[in-house]
Amino acid sequence: MYRVLLVDDEEDVREGLVVEVDWEALDLRIVGLAENGREALEMAERVEPDIVVTDISMPFMNGLELAQRLRKRNPLVKVVILTGYDEFDYARQAISLSVDEYLLKPFSAGHLTELLTRLRAQMAAEVAEREDVQQLREHYHTSLPLLQADLMATLLHRQKSSTYIHSKAKQCGLDLTGERYGVSVLTLHMDGDVQKEKSEEYSAIPHSDITKQHPR
């Protein structure tokens with residue numbers, strides 16, 4: 001369930017929001033009630049809400065300032081502003097503050113439910129998108145050694161432009177910049193093949209390979 005923090009300086013409004021909305025049916029859970037922005041900010045540190053529903057006019061700290069501070073701490077938190085008709089122009093400033101939704105008072109439980117349903121669907125889509133990005137990132141890191149090996153094999157057998165090489169190297173996380181390059185080619189044999197080929201190729205085996213085949 002997503003966690004919700006309700007903020008309003010009027011107790012009857014806070015209690016009305018609690019009882020008039022079927023939070024469980026929306027897969028939402030109220031984790032705190034606050035009567036002003038300052039209290040809500042302190043409470044948010046403890047309860048870590050996913051959604052904050054707040055009045056715009058409150059003592060000590062109004063809803064817009066609360067939204068700004070919440071976003072600095074957690075850019076993913078969703079903020080819903082509740083405002084009256086006389087504050088409508090003021091509330092529209094909330095859009096520039098990255099407030100997700102605002103609702104005009106007086107409003108019905110149905111209007112708030114519709115808003116929360118829309119907001120929850122948006123959050124679910126964002127979570128799915130982040131999970132897809134994470135899976136792609138994990139797949140990339142898993143495939144990275146293979147991509148690097150494939151690039152190096154390409155450089156050994158094919159002629160490519162420097163632009164191509166540096167572009168592919170950057171994609172693979174390889175730094176190939178330098179004045180000189182050294183290449184080592186290693187041939188690996190199975191144990192059975194070593195004995196069969198040793199007498200035929202003994203004279204061609206580098207000293208380092210001889211040392212490896214005849215340990216002291």
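Student: How many helices and strands does the chain have, and in which order do they run?

Tutor: The chain has eight helices and five strands. Starting at the N terminus, the order is β-α-β-α-β-α-β-α-β-α-α-α-α.

Student: Why is E101 called buried?

Tutor: The relative accessible area of E101 is 16%. Buried means under 20%, so E101 is buried. The residue belongs to strand β5, which covers residues 101-104. Beyond its neighbours within four places in sequence, E101 is in contact with V79, V80, I81, L115, R118 and L119.

Student: How do you know that the side chains of E101 and R118 form a polar contact?

Tutor: The contact between these two side chains is 3.2 Å. The cut-off for a pair of N or O atoms is 3.5 Å, so the value of 3.2 Å lies within the limit.

Student: Why is F60 called exposed?

Tutor: F60 has a relative accessibility of 59%. Exposed means over 50%, so F60 counts as exposed. F60 lies in the loop between β3 and α3. Its phi is positive, at about 70°, although F60 is not a glycine. E48, in the loop between α2 and β3, likewise has a positive phi, near 50°, and is a residue other than glycine.

Student: What makes one side of helix α1 a buried face?

Tutor: Within α1, residues 11-20, the buried residues are V13, R14, G16 and L17. Viewed down the helix axis, these buried residues fall within an arc of 160°, so they line one face of α1. In general, an α-helix has 3.6 residues a turn, so residues three or four places apart point the same way. The exposed residues E11, D12 and V19 are on the face of α1 turned away from the buried side.

Student: How do you know which part of the model calls for caution?

Tutor: Over residues 199-216 the pLDDT stays under 50. For this stretch the model has seven contacts beyond four places in sequence. Where pLDDT is low, the predicted coordinates should not be read in detail. For the chain, the mean pLDDT is 77, and 74% of the residues reach 70 or more.

Conventions: Residues are numbered from 1 along each chain as its sequence is written. This is a predicted model: local features need pLDDT of at least 70, side-chain atom pairs count only at pLDDT 80 or more; totals for chains, interfaces and linings use all residues. Side-chain values use heavy atoms; hydrogens and water are left out. Buried means under 20% relative accessible area, exposed over 50%, partly exposed in between (1.4 Å probe, protein chains only). Helices (H or I, at least four residues) and strands (E, at least two) are DSSP runs, numbered from the N terminus. The arc is that of the directions from the helix axis to the C-beta atoms. A polar contact is a pair of N or O atoms within 3.5 Å; within protein, one must be able to donate a hydrogen and the other to accept it, and residues adjacent in sequence count only if both atoms are side-chain atoms. Contact means heavy atoms within 4.5 Å. pLDDT is the predictor's confidence in each residue, from 0 to 100.
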